[in-house]
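Q: I'd like to learn how to read a fold like this one, feature by feature. Can we start with a helix and work outward?

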Amino acid sequence: MLRVLCTVIAAASAAAAYQGATVPQTTGDLCADRKYSSRDISHCEVRETTLAGVASLDVDPGRHGGVHIRGWSRPDTRLRTRVEGHAATDARAREIAAGVRVTTVDGRVRSDGATTWADEHWSSTFFLDVPAN
């Protein structure tokens, strides 16, 4: 499992120091910006929540997950989660995605989903906007 432990201040400082570097651009639609294989059917949804008063984060997006962190000018932390289900049918892909749980408790951010069959899987990617100052 991918585990990322970061302090909001350290992440924001790193993001601020990285300002001059080339950063991949997105259209703002997290589902439209994804890339996936054509051998299965995918369902994508975005969930959003705000984390207020969090001094540090302990982030685990799950087995097939990822984490993107950037600094922003607000005092709170925004978490957007792209959840995807992959299966042989659209109905099953939607069912898999609906079964993914994202929890945020005391700065611990986790995703968890059901065990799937060989040609099915789920993924969650966290997009965190953290205070830059």
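Predicted model: local features only at pLDDT ≥ 70, side-chain atom pairs only at ≥ 80, totals over all residues.

Q: Which residues of H2 are buried?

A: The general idea comes from helix geometry: an α-helix has 3.6 residues a turn, so residues three or four places apart point the same way. In this case, the buried residues of H2 are Ala93, Ile96 and Ala97. Around the axis they span an arc of only 100°, which puts them on the same side of H2.

Q: What covers the buried residues of H2?

A: The cover includes strands S2, S5 and S8.

Q: Let's move to the sheet, then. What is the order of its four strands?

A: First the general idea: strands of a sheet pair through backbone hydrogen bonds, either parallel or antiparallel. Here the order is S2-S5-S8-S4, in an open sheet with mixed pairing. Strand S2 (41-51) and strand S4 (66-72) are at the edges with a single partner strand each, so one side of each has no neighbour in the sheet. On average, and ignoring direction, neighbouring strands of this sheet are turned by 15° against each other. Helix H2, residues 90-98, packs on the sheet and touches S2, S5 and S8 (121-131). The direction of H2 makes about 145° with that of S5.

Q: How many bridges join S2 to S5, and do the two run parallel or antiparallel?

A: They run antiparallel, joined by 11 bridges, with S5 covering residues 77-87.

Q: How do I read a disulfide, and which cysteines does it join here?

A: In general, a disulfide is a covalent bond between the sulfur atoms of two cysteines. The structure holds one disulfide, and the cysteines in question are cysteine 31 and cysteine 44, with an S to S distance of 2.0 Å. The torsion about that S-S bond is about -85°, so the disulfide is left-handed. The pair links distant parts of the chain, 13 residues apart: cysteine 31 sits in the loop between helix H1 (8-17) and S2, while cysteine 44 belongs to strand S2.

Q: Are cysteine 31 and cysteine 44 buried or exposed?

A: Both cysteine 31 and cysteine 44 are buried.

Q: Now the charged side chains. How many salt bridges does a search of the whole structure find?

A: The search gives 11 salt bridges. To read one, check the N to O distance, then ask where each partner sits. Take arginine 47 and glutamate 45, whose side chains meet at 2.8 Å, N to O. Arginine 47 is partly exposed at 24% relative accessibility, and glutamate 45 is also partly exposed, at 21%.

Q: What separates arginine 92 and glutamate 95 in helix H2?

A: About one helical turn, because they are three residues apart in helix H2. Arginine 92 forms a salt bridge with glutamate 95, and their closest N and O atoms are 3.3 Å apart. Arginine 92 counts as partly exposed at 22% relative accessibility, whereas glutamate 95 counts as exposed at 51%.

Q: Which salt bridge has aspartate 58 as a partner of arginine 110, and how far apart are their N and O atoms?

A: The side chains of arginine 110 and aspartate 58 meet at 3.1 Å, N to O. Arginine 110 is in strand S7 (residues 108-112) and aspartate 58 in strand S3 (residues 56-60), so this pair ties together parts 52 residues apart in sequence. Arginine 110 is buried at 14% relative accessible area, and aspartate 58 counts as buried at 18%. There's a network to see here too: salt bridges link Asp58, Arg108 and Arg110.

Q: In what sense do S3 and S7 pair?

A: In the parallel sense, over three bridges. Within this pairing, valine 59 has valine 109 as its bridge partner in S7.

Q: And which strand pairs with S7 in the antiparallel sense over five bridges?

A: That's strand S6, residues 101-105. Valine 105 stands opposite arginine 108 in S7. The hairpin of S6 and S7 has two residues between the strands, and aspartate 106 takes a positive phi near 50° there.

Technical notes. Residues numbered from 1 in each chain as written. Heavy atoms only, no water. Pairing = 2+ DSSP bridges. Axes fitted to C-alpha atoms, helices over the stretch in contact; angles between N-to-C directions. Contact = heavy atoms within 4.5 Å. Disulfide = S-S within 2.5 Å. Buried < 20%, exposed > 50% of the residue type's maximum accessible area, 1.4 Å probe, protein only. Salt bridge = Lys/Arg side-chain N within 4 Å of Asp/Glu carboxyl O. Arc of directions from axis to C-beta.
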